[in-house]
Amino acid sequence: MNNRRASINRPPTPDPDEEPEKELTLQEMINIKLIESGEKEKLMELLRERLIECGWRDEMKALCRAYARKKGRNNVTVDDLVHVITPKGRASVPDSVKAELLQRIRSFLISVPL
């Protein structure tokens with residue numbers, strides 16, 4: 001009788017010559033399809049247009065200027081602005097803009113095989 005126990009916690013040693021096949025997530029597959037088709041760039045342009053139209057971009061500029069005035073222009077870095085403004089920016093994107101983009105993404109996903 002063999003008294004040696006196989007380790008159930010250790011995965012098999014990978015072959016160094018073999019590339020591991022990485023499974024893509026659904027999100028990664030969708031992103032690849034969006035990029036390959038050119039749809040991602042179209043969506044980005046639509047987003048830019050809508051954010052300018054609704055005044056969101058000007059609002060973010062004003063927040064950045066106000067923050068820079070408060071802290072002193074020489075005491076503010078781009079990283080500071082990104083850290084402070086990003087949460088406010090994300091929270092203030094109008095629901096109508098989000099809904100339009102989501103609908104465009106859904107339509108794209110229906111039309112493309114994954």
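Guide: E49 has a relative accessibility of 37% and therefore counts as partly exposed, a class that lies between buried (under 20% relative accessible area) and exposed (over 50%), with only protein chains counted and a 1.4 Å probe used. The model is predicted, so local features need a pLDDT of at least 70 and side-chain atom pairs count only at pLDDT 80 or more, while totals for chains, interfaces and linings use all residues. Residues are numbered from 1 along each chain as its sequence is written, and side-chain values use heavy atoms, with hydrogens and water left out.

The side chain of E49 meets that of R50 in a salt bridge, with 3.9 Å from N to O; the term means that a side-chain nitrogen of Lys or Arg lies within 4 Å of a carboxyl oxygen of Asp or Glu. Side chains of opposite charge can pair when their charged atoms come close. R50 is itself partly exposed, because its relative accessible area is 23%.

R50 also forms a salt bridge with E53, and here the closest N and O atoms are 3.5 Å apart. Why are R50 and E53 separated by about one helical turn? The two are three residues apart in helix 2, which is why about one turn separates them; helices here are DSSP runs (H or I, at least four residues), numbered from the N terminus. E53 counts as exposed, because its relative accessibility is 58%. Taken together, E49, R50, E53 and E100 are linked in a network of salt bridges.

Helix 2, which covers residues 39-53, also holds E39. The side chains of E39 and R104 meet in a salt bridge, at 3.4 Å from N to O. This pair links distant parts of the chain, since R104 lies in helix 5 (residues 95-111) and the two partners are 65 residues apart. E39 is buried, because its relative accessible area is 12%, whereas R104 is partly exposed, because its value is 32%.

To place this part in its setting, the secondary structure of the chain comes to five helices and zero strands. Of the 114 residues of the chain, 15% count as buried, and the count of salt bridges comes to seven.
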